[in-house]
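Reader: I want to learn how to read a ligand site. Can you walk me through one?
Author: Gladly. Here is the model.

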Amino acid sequence: MSDLVHLTKDNDIAIITINNPPVNALSPGVPEGISQAIEQIDSDPAVKAAVLIGGGRTFVAGADIKEFGKITRGENKRGVAFLPLLLRIEDCSKPVVMAIHGTAFGGGLELAMAGHYRVAVPSAQVGQPEVKLGIIPGAAGTQRLPRLAGVEAAVQMCADGNPIKADKALKLGIIDKLIEGDLLAGAVAFAREIAGKPAPKTRERNQKLGTAEGNAPIFAAARENANKKQRGMMAPQAAIDAVEAATKLSFEEGCEAEQKLFVECLFSDQSKAMIHVFFGEREVSKIPDIPKDTPIIPVKSAAVVGAGTMGGGITMNFVNAGIPVLLKETDRAALDRGLATIKKNYANSVKRGRFTQEFMDQRISLIRPTLSYDDFGGVDMVIEAVFEGMALKKEVFGELDRVCKAGAILASNTSTLNIDEIASATSRPESVIGTHFFSPANVMRLLEIVRGKASSKEVIATCMQLSKTIGKVGVLVGNCRGFVGNRMFGPYRREAQFLVEEGASVEAVDKALYDFGMAMGPLATGDLAGLDVGWRIRKEYRHLEKPGERQPLAEDQLCEMGRYGQKTGSGWYKYDENRRAVPDPEVAELVAKWAAEAGIAQRQISSEEMVDRCIYALVNEGARILEEGYALRAVDIDIVYLNGYGFPVYRGGPMWYADTIGLKKVYDRIKKFHQQHGDIWAPAPLLERLANEGSTFDAYDKERLAKG
Ligand code: T1G
Ligand code: NAD
């Protein structure tokens with residue numbers, strides 16, 4: 001037996017234990033170990049039944065995702081050929097009981113469904129999350145799951161990839177029994193109960209496969225839903241096709257259909273991008289110069305200064321995690337306004353069934369509104385979210401320095417201001433850091449953690465861990481203007497405006513980027529966030545603009561006219577009573593007039609150019625940020641854009657996308673834009689180097705990691 005799979009016995013019950021930490025993935029050696037164990041069990045007359053269980057914190061969490069790259073690069077010829085093993089388990093002459101705790105995901109659930117019975121602890125979860133990696137189940141999951149859970153549940157689980165809890169799995173028929181207390185003991189007792197009885201083979205359970213008439217509306221609805229919620233992704237559609245095959249073909253033919261779709265997805269750019277994102281979301285939490293054992297400052301209580309757009313959402317994140325919050329404002333009216341917005345947001349979530357009324361009441365009871373700093377002395381962390389102005393921020397931090405206890409973390413939610421300068425208003429810059437949330441702060445997953453020159457390792461490590469506690473993806477970024485996300489967003493939106501000035505329509509530019517996969521077009525995004533936010537910042541930094549450098553014409557003038565976007569009912573678009581965007585011919589006329597006055601020639605512009613100018617502007621600025629060291633890795637930039645700016649996950653982020661296109665091609669295109677549009681398009685030196693070396697941003701990351 002291998003180190004990864006142990007076979008023991010409890011009298012007449014055999015126990016197969018998988019030990020492949022951290023998540024018992026089906027890495028090379030594990031399937032082989034299980035296969036050997038089944039052979040032994042089958043030939044051991046003393047054994048009446050068997051239990052298969054995961055060692056450590058979970059059942060099998062799937063195939064080893066690290067192997068996929070080797071498969072698509074041709075280094076691993078074996079692939080994920082689990083089908084024969086699963087058939088072997090199903091054909092075992094002794095019933096096999098799968099004992100599930102933690103997460104039975106992907107190949108883990110497929111393994112479990114090949115067993116004759118499944119028992120689980122109530123806290124267990126099961127799921128087919130493969131579509132989140134741009135693939136589909138590849139070991140008969142789309143064939144066995146509908147046989148256990150029915151077509152509707154199976155197609156949903158395989159198409160959206162979201163796990164379900166054990167109690168729901170029991171109701172659906174995926175799980176046969178919930179085990180309270182000791183799982184192994186309960187599973188062995190269950191095995192002893194069913195030993196000697198006929199063991200049902202999942203592949204032969206066809207009762208729940210329904211009829212073609214009955215299933216047709218289910219598949220139609222699933223495809224429509226996937227087109228809406230997973231726009232542009234190929235895997236969800238492939239998963240639906242595979243489950244449909246299960247209802248129309250024999251089990252064997254269904255498995256062949258699934259295999260064909262699985263391989264198409266696995267070798268697709270979408271899957272490579274989404275696997276990059278899977279590991280990227282885990283990589284960003286590793287900070288090279290901050291060891292894993294860096295002491296964490298306990299954050300059991302917090303305070304938020306400013307209950308406006310951001311302060312309210314930030315407060316919700318903390319109380320949702322059970323951390324009480326002192327919420328301070330300047331006056332009662334502002335405080336009541338902030339609290340009312342928080343209550344409205346919770347009420348909407350209760351209406352949508354996301355939270356219970358009891359949860360809402362309990363969370364709101366953790367918020368203590370205040371108009372003074374009196375009780376700030378006891379809190380572990382403060383997040384400041386007052387108006388964006390250096391003088392006011394420094395005034396607030398001066399106050400916090402006076403009232404907060406030693407060791408308290410003092411964080412600013414500033415979106416553009418210099419963290420070191422804010423820290424200079426205190427006697428403890430080592431406790432000051434930026435925590436840049438994204439609007440709406442209780443929804444957007446991204447949290448840019450801005451490292452100041454003096455921010456201590458303990459404060460950084462604490463904020464990185466806290467981001468997980470409050471359900472965010474924390475990315476450590478450097479203290480440059482606009483940090484990573486907004487610094488890149490500037491050139492991206494600049495190009496969108498230039499394209500309109502050169503003759504493209506507002507709708508055409510937004511449609512081109514929407515079709516590319518962005519959650520929303522760049523101009524409509526401006527209207528959503530408020531055109532005045534950028535306008536105030538441009539006014540604050542007007543003195544830094546390079547003389548003679550082309551600046552966008554429209555947004556400042558739209559703001560002068562009071563057109564701030566959705567919040568004023570008009571911006572680039574007009575908005576109807578349901579906040580739906582309506583193209584506004586007046587804007588097209590105004591921009592044409594401003595462009596004519598500026599002598600900007602009008603021309604037909606292809607959507608391909610629109611995408612290249614906006615996306616390559618992101619990439620070029622991203623490359624500058626990387627070489628200047630304001631981002632640790634190219635993948636960090638990708639994770640920022642996927643979680644904060646609606647970049648399509650199936651393209652992996654701007655830097656990975658550029659690698660997919662090929663940096664030489666991207667560089668050549670940027671050189672062209674440089675010739676046409678001047679130094680704003682000067683290629684980033686790092687991009688030039690990597691392009692000429694035929695390298696990639698991904699290789700650059702690995703190179704730097706290796707150098708440590
Ligand atoms: N393969 C390889 N490594 C994995 C892995 C996997 N399946 N799952 C996790 N890891 C690594 C992860 O990179 C991290 O490494 C460490 O384990 C801890 O993970 C045939 C083809 C199980 C819910 O999609 O969802 O089966 O960063 O930080 O927050 O049809 O991991 O420490 O070096 O995420 O407690 C389907 C993926 C595969 C599940 C645990 N399975 N994993 O979450 O820990 S495709 C999945 C997860 C498949 C079959 C198909 C989560 C988790 P490091 P972690 P966590
Ligand atoms: P906002 O105008 O909606 O709210 C600011 C609040 O701060 C107001 O309610 C004001 O009364 C309060 N305030 C001002 N001085 C105060 C003081 N001394 N004590 C207590 N409260 C005080 O602004 P916002 O959009 O929430 O932005 C807040 C901060 O977050 C800014 O630094 C902004 O740059 C940043 N930010 C904003 C966004 C966004 O999309 N709005 C996104 C990320 C970061």
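Reader: How many Å separate an oxygen atom of ligand 1 from a polar backbone atom of Gly-107?
Author: Keep in mind that this is a predicted model. For a polar contact, look for N or O atoms within 3.5 Å of each other. Here an oxygen atom of ligand 1 sits 2.8 Å from a polar backbone atom of Gly-107. A nitrogen atom of ligand 1 is 2.8 Å from a backbone N or O atom of Ala-61. Glu-130 uses its side chain: a polar atom there lies 2.9 Å from an oxygen atom of ligand 1.

Reader: What percentage of ligand 1 does the protein bury?
Author: Start from the ligand alone. Ligand 1 then exposes 1,000 Å², and the protein buries 77% of that.

Reader: Which element gives the largest share of the shell around ligand 1?
Author: That is α12, with 3 residues. The shell also draws at least two residues each from α2 (66-72), β5 (103-105) and α4 (107-114). By class, 17 residues are nonpolar, 5 polar and 7 charged.

Reader: Now ligand 2. Which residues are closest?
Author: Met-310, Glu-329, Glu-388, Lys-393 and Ser-415, out of 21 that surround ligand 2. Then read the side-chain contacts. An N or O atom in the Glu-388 side chain is 2.5 Å from an oxygen atom of ligand 2. For the Thr-309 side chain, the distance to a ligand 2 oxygen atom is 2.9 Å. The Lys-328 side chain has an N or O atom 3.2 Å from a nitrogen atom of ligand 2.

Definitions and conventions: Residues numbered from 1 in each chain as written. Chains lettered and ligands numbered in written order. Predicted model: local features only at pLDDT ≥ 70, side-chain atom pairs only at ≥ 80, totals over all residues. Heavy atoms only, no water. Near = heavy atom within 4 Å. Polar contact = N/O pair within 3.5 Å; in protein donor to acceptor, adjacent residues only side chain to side chain. Areas by Shrake-Rupley, 256 points an atom, 1.4 Å probe, with all protein chains shown as cover. Helix = DSSP H or I, 4+ residues; strand = E, 2+ residues; numbered from the N terminus. Nonpolar A, V, L, I, M, F, W, Y, C, P; charged D, E, K, R; others polar.
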